[in-house]
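I opened my notebook to record a few look-ups in one protein model.

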Amino acid sequence: MVRFAVSVAFLAVAQGVTYASAPTEARDDSPAYRNPSLSHKERAADLLRRMTWEEKVGQLGGVRRPLGRTGGHVTFNKTAFDLIHRTQSGQIGLGSQYNYAKDVLPVVNELRAEQVNSTRLGIPYVTLTDSLNSMWVSGGTLFPGAVSMASSWNLDLYEQAVAATRDENHALGVNWVLSPELDIAYDPRNGRNGEMFGEDTYLISEFGTRYVKTMQAKDENGFVKVATTIKHWVYGRGNGGVNRASMEGGINHIFNDLAPPYIKVIKEAEPLSLMVSYASVDRVPMSINRYMIKDVLRGILGFKGLIMSDANSIEYMVTESKVAKSRGDAAQKALRAGLEHELSPGGTGLFTTLINFVNNTKIANLIDESVSALLEIKFATGVFDNPLPSAENLENTLRKERHLEVNRNISRESIVLLKNDGMLPLQKSNVSKVAVIGAYGDMINAGMYAACNATDPAYGNSFRRSLAQELGDENVLYVKGVDALPSNDSSGIDAAVAAAREAGLAVVVLGSGYGTFDVSEMNNRRTDGEGFAHADLGFPGLQQQLLDAVLDTGVPTVLVMSSGQTFVLNESTMRSGAILHSWFSGEFTGDALVEILFGTVNPSGKLTVTMPQANGAFPVAYNYLASDDQGGFGTATLYDWQWPQLTRYAPLRFGYGLSYTTFEISPPTASCSGHVTINTTVKNTGNVAGKEVVQLYYRPEHSVIEVPVMKLIRFSKVDLAAGESKAVGFTVPTSELGYYVDGEWNVDYGNYTFWIGSSSRTEDLQQLNVTISG
């Protein structure tokens, strides 16, 4: 085991505090747990038998927010830290997102060294943070959000983005991340959809598997670079779209609609940990849901890794769900149900109360199992063996040019063109001035899990700044118009209209939900993000009024949306000459939008969530059940919702996205012999190079239980020069063409319909039939 020869002088000087070194007992220099040639399980077992009861209980939690930020500087409150650390010392977080990695590293390294050098057994922390589209703290490469990168439909490029984020995390000493999110973006009211990959379980499975495999790649010594956490088991269809709301609990619903990404990722990528959701499933909160954790997750799915709570979720058993009488009661119920580690950002973890169960053999055995699970992650990630991360390596790793180039590319491919009446691409020679209108036009709306101050140029270019670099500041007329957050102040709309008229061309950027977890940005005006659901799917505040006023001028107008959510695009909005969704931004999203507007880049993003047609017209996902599309009686069956008159079939559907060129997919051929093989050719029939996503869907003719009208089963993104053709083939084992019935996988023999095309829209698909024999 590595002991770290560093002092605590930095913290003492910086914070005006002194350290009283704890006495270190004489150590056996050759215990088995310090031998890296042994397996993780062997090392964990040896260490566990040496630990006291107090040391074991201490490993069940950690210090989530050790560092703060005041006046632009890192702060450390030793008194508060010690109060938590005394009873919760298994893992450590990093604290404020606005602190920069270069400033965080020396402070956290001091804490890491102190933990090893001044404790009896020298058990190190494992550093644990969230990591969706960047490191948790500032200073690294800021990629677009999860839903954004999934909209690229480019798995190889996404893998490169994850690898860059992994290496930057690793250079900071982050050994474990609370990602990826495998939840289903099914309810458009959900404020967390921007953290998800989309509404389709196959697509989520593919992106989730790439994330876990890439993050958990091993270093030259065989240690996992960064352990992952798949989450939230199970979540995505909370009542009303509210973050911690309850969910339906039918076993066929769970296995077919929610669990498939977990099943694939567990089987193919072996994530080292899993987080349960806040939801009550079939009336039982997941933090104490023994059936869902032990019987289903452990038993049927065969998950072997550590299982943790969501932040404060065990506490909510007492304060919200009222299914526990006390903190101790909640803690032992969660432990008995199968939770092995607790996340408590405020440091008030309930697992600390388990110290009182020392004479309870069952609890003691469960704690041993829980501590072993955490120790195995620590041994697997090399925190016992690797040296502390260095400032030099951090500087050499963060924001490498290779990382930035990957970021530029995936930013370009993540933007979805939803409408174009011929207005785009713009001809630069015909553009003298552009009015940029809307608060979201001058911010980087990266989502609350990203380390990004939305209005600080240090985090990258807003769209306004990117456009000014292209055209010159004097040729970009920026007017906010209305606030980004809901307000009644419409006084800026007239100035926006005047700017549009003066420029003769307007780009209106509307959105929702900017902000991080910083306490200064937590308020009741926020409209998207974790904890911020939206019953109205229009543009928050007066943004629609702003857009309408600009459109009423008759000035050619491009609408750009910036958010993790989808919006209802009403008839007035559809007057826009072109509409793009840029989703959650990265540092190069503004640049990418400018490149797309002027045709330097051909848009190739596709929707991974269906755009709803009206408030209340949901669920809206493309893969609904056939019985969901049967409204009315007798001859009055044209609509599923009679007012407004709408069907489940929404025009801006999953898989849809426009390009500046055109593609032709040839009539497909199919064969079946133990697997289904479908071949086609895709041709770029336009005048510019472009990328097309060829998508394959299927459905059995008959089934034991009701199945969706169609489901995605394969896709491939193809890069084509003007006039170029490429063959595309998909092979699907017949064993994949099934579904779960009461927890058991079932594959039907007989007739299947397959569709191949460029989206899930009927007009974009070609149909063929295949018979599968037993």
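These entries cover a sheet, some cavities and a few backbone details.

**Entry: the model.** I noted before anything else that this is a predicted model.

**Entry: a sheet.** I looked up a sheet of four strands. In what order do the strands lie? I read β24-β23-β28-β29, an open sheet with antiparallel pairing. Its edge strands are β24, residues 711–720, and β29, residues 765–772. Each of these edge strands pairs on one side only. On average, neighbouring strands here are turned by 20° against each other, with direction ignored.

Then I went to one pair in this sheet. How many bridges join β23 to β24? I found nine, and the two strands run antiparallel. Strand β23 covers residues 690–700. I picked V693 and looked for its bridge partner in β24, which is K717.

**Entry: cavities.** I asked how many cavities have 30 Å³ or more. The count is six.

Next came the second largest cavity, with about 100 Å³ of space. It is lined by 15 residues, and the closest to its centre are M443, F463, S585, T589 and L593. Which element gives the largest share? I found that α20 does, with three residues. By class, the lining of the second largest cavity has seven nonpolar, eight polar and no charged residues.

**Entry: cis peptide bonds.** I looked at S179 and P180. The bond between them is cis, with omega near 10°. P180 sits in the loop between β6 (176–177) and α8 (201–215). I also checked F618 and P619, which are joined by a cis peptide bond with omega about 5°. The loop that holds P619 runs between α20 and β18 (641–642).

**Entry: positive phi.** R283 is not a glycine, yet I read a positive phi near 75°. I placed R283 in the loop between β9 (280–281) and β10 (284–285). Is R283 buried or exposed? I noted exposed, because its relative accessible area is 78%, and the cut-off for exposed is over 50%.

N312 is another non-glycine residue with a positive phi, about 65°. I found N312 in the loop between β11 (306–308) and α12 (316–319).

Note on methods: Residues numbered from 1 in each chain as written. Predicted model: local features only at pLDDT ≥ 70, side-chain atom pairs only at ≥ 80, totals over all residues. Heavy atoms only, no water. Pairing = 2+ DSSP bridges. Axes fitted to C-alpha atoms, helices over the stretch in contact; angles between N-to-C directions. 1 Å grid on protein atoms, 1.4 Å probe; cavity = no way out; pocket = protein on both sides within 12 Å on 5 of 7 lines; lining within 4 Å. Points joined across faces, edges and corners; volume = space filled by probe spheres on them. Nonpolar A, V, L, I, M, F, W, Y, C, P; charged D, E, K, R; others polar. Buried < 20%, exposed > 50% of the residue type's maximum accessible area, 1.4 Å probe, protein only.
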